[in-house]
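Biologist: I would like to go through this structure with you before my group meeting. Could we begin with the charged side chains and then move on to the rest?

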Amino acid sequence: MIESKIKSVKKSMLAACVKLADLGFLAGVGGNLAVRINSELMAVTPSATDYYTMKPDDLCILQIKDLKMVEGTKQPTTESGIHASFFSLRPEIEVSLHTHQPLASAVSLLGLDMDIESQEGKKNIGYFVRIVSYAPSGTSFLVKAFRKRIIKETNAYLLRNHGLVCGALTLEQAITSVKLLEKEAAHFLKTRIEKNPNVSLMPKEMKAQLMEAL
Ligand SMILES: [Zn+2]
């Protein structure tokens, strides 16, 4: 029973990774994905492996409580602690996705929570994205900082100066959510640029180019 669940989770994870890599959200071998198998186990992507050549056996099955690997040969993602925290503190979350997507990562440099404007975003994610204070990636300090910020009111968290972590009920919803968040990030940055008094000093064409890029 559990073997067939693991097999189907691995298959859908590989397909999701290719979609996300195509979107440019995983930035080379950066970013990672975790899916809950049950209350005790999760499947995670391995560390530093090309998403286009990844095979089912490359995925790692870990215990959520202590990150002990029960299946797999590769080194699990260094952000496994982030995913395990999400699954243990939010028992309804089934998928935890960490991306280095360009615009949300740009917003993470500002160190601010980001409001979500679209109805679809509010429905899938919540009314805002929470910022997590900076700690180096793959460390217990980052896991600790992330755990402190997890609440049930939002499924999305910006890791300061780094990227995004998004929780969802399905892989499909996770992909929809990170796409929505990229649009929300563009809107957030545009609004801030428009409000910034220094922008009025910028040559018109330069401002137009900047807005076009978002
Ligand atoms: Zn990262």
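Biologist: Which side chain meets Asp 113 in a salt bridge?

Modeller: Please keep in mind that this is a predicted model. In it, the side chain of Asp 113 meets that of Arg 149 in a salt bridge, at 3.6 Å from N to O. The pair links distant parts of the chain, 36 residues apart: Asp 113 is in the loop between α3 (102–108) and β6 (114–115), and Arg 149 is in helix α5 (residues 140–149).

Biologist: How accessible are Asp 113 and Arg 149?

Modeller: Asp 113 is partly exposed, its relative accessible area being 36%. Arg 149 also counts as partly exposed, at 23% relative accessibility.

Biologist: How many salt bridges does the structure hold?

Modeller: There are 5 salt bridges. One of them joins Lys 10 and Glu 71, whose closest N and O atoms are 2.8 Å apart. Here, too, distant parts of the chain are linked, since Lys 10 belongs to helix α1 (residues 2–22) and Glu 71 to strand β4 (residues 69–71), 61 residues apart. Another is formed by the side chains of Glu 92 and Arg 90, at 2.7 Å from N to O.

Biologist: Is Lys 10 buried or exposed?

Modeller: Lys 10 counts as buried because its relative accessibility is 6%, under the 20% limit.

Biologist: Turning to the metal, which residues are the protein donors of the zinc ion?

Modeller: The protein donors are His 98, His 100 and His 162, each through NE2, and they lie 2.0 to 2.1 Å from the zinc ion. Along the chain these donors follow the spacing H-x1-H-x61-H. His 98 is in strand β5 (residues 95–99), while His 162 is in the loop between β8 (156–159) and β9 (163–168), 64 residues away, and this pair therefore links distant parts of the chain.

Biologist: Are those two histidines, His 98 and His 162, buried or exposed?

Modeller: His 98 is buried, at 1% relative accessibility. His 162 is buried as well, with a relative accessible area of 16%.

Biologist: Now the fold. What is the order of the strands in the sheet?

Modeller: The sheet is open, has 9 strands with mixed pairing, and runs in the order β4-β3-β2-β1-β5-β9-β8-β7-β6. β4 and β6 stand at the edges with a single partner strand each, so one side of each has no neighbour in the sheet.

Biologist: How do β1 and β2 pair?

Modeller: Strand β1 (residues 32–36) and strand β2 (residues 41–44) are antiparallel and pair over 3 bridges. Within this region, Arg 36 stands opposite Met 42 in β2.

Biologist: Which strands do helices α1 and α6 lie across?

Modeller: Helix α1 lies across β1, β2, β3 (60–63), β4 and β5, and runs at about 150 degrees to β1. Helix α6 (residues 171–195) lies across β1, β5, β6, β7 (128–132), β8 and β9, at about 140 degrees to β9.

Biologist: And how many helices and strands are there in the chain?

Modeller: The chain has 7 helices and 9 strands. Its radius of gyration is 18 Å, close to the 17 Å that the globule rule gives for 214 residues, so the chain is as compact as a globular protein of that length. Of those 214 residues, 49% count as buried.

Conventions. Residues are numbered from 1 along each chain as its sequence is written. This is a predicted model: local features need pLDDT of at least 70, side-chain atom pairs count only at pLDDT 80 or more; totals for chains, interfaces and linings use all residues. Side-chain values use heavy atoms; hydrogens and water are left out. Donors are N, O and S atoms within 2.8 Å of the metal (3.2 Å for Na, K and Ca); water is not among the atoms, so sites may look incomplete. Helices (H or I, at least four residues) and strands (E, at least two) are DSSP runs, numbered from the N terminus. Buried means under 20% relative accessible area, exposed over 50%, partly exposed in between (1.4 Å probe, protein chains only). A salt bridge is a side-chain nitrogen of Lys or Arg within 4 Å of a carboxyl oxygen of Asp or Glu. Two strands pair if DSSP finds at least two bridges between them. Contact means heavy atoms within 4.5 Å. Axes are lines fitted to C-alpha atoms, for helices over the stretch in contact, and angles run from 0 to 180 degrees between N-to-C directions. The radius of gyration is taken over C-alpha atoms; the globule rule is 2.2 Å times the number of residues to the power 0.38.
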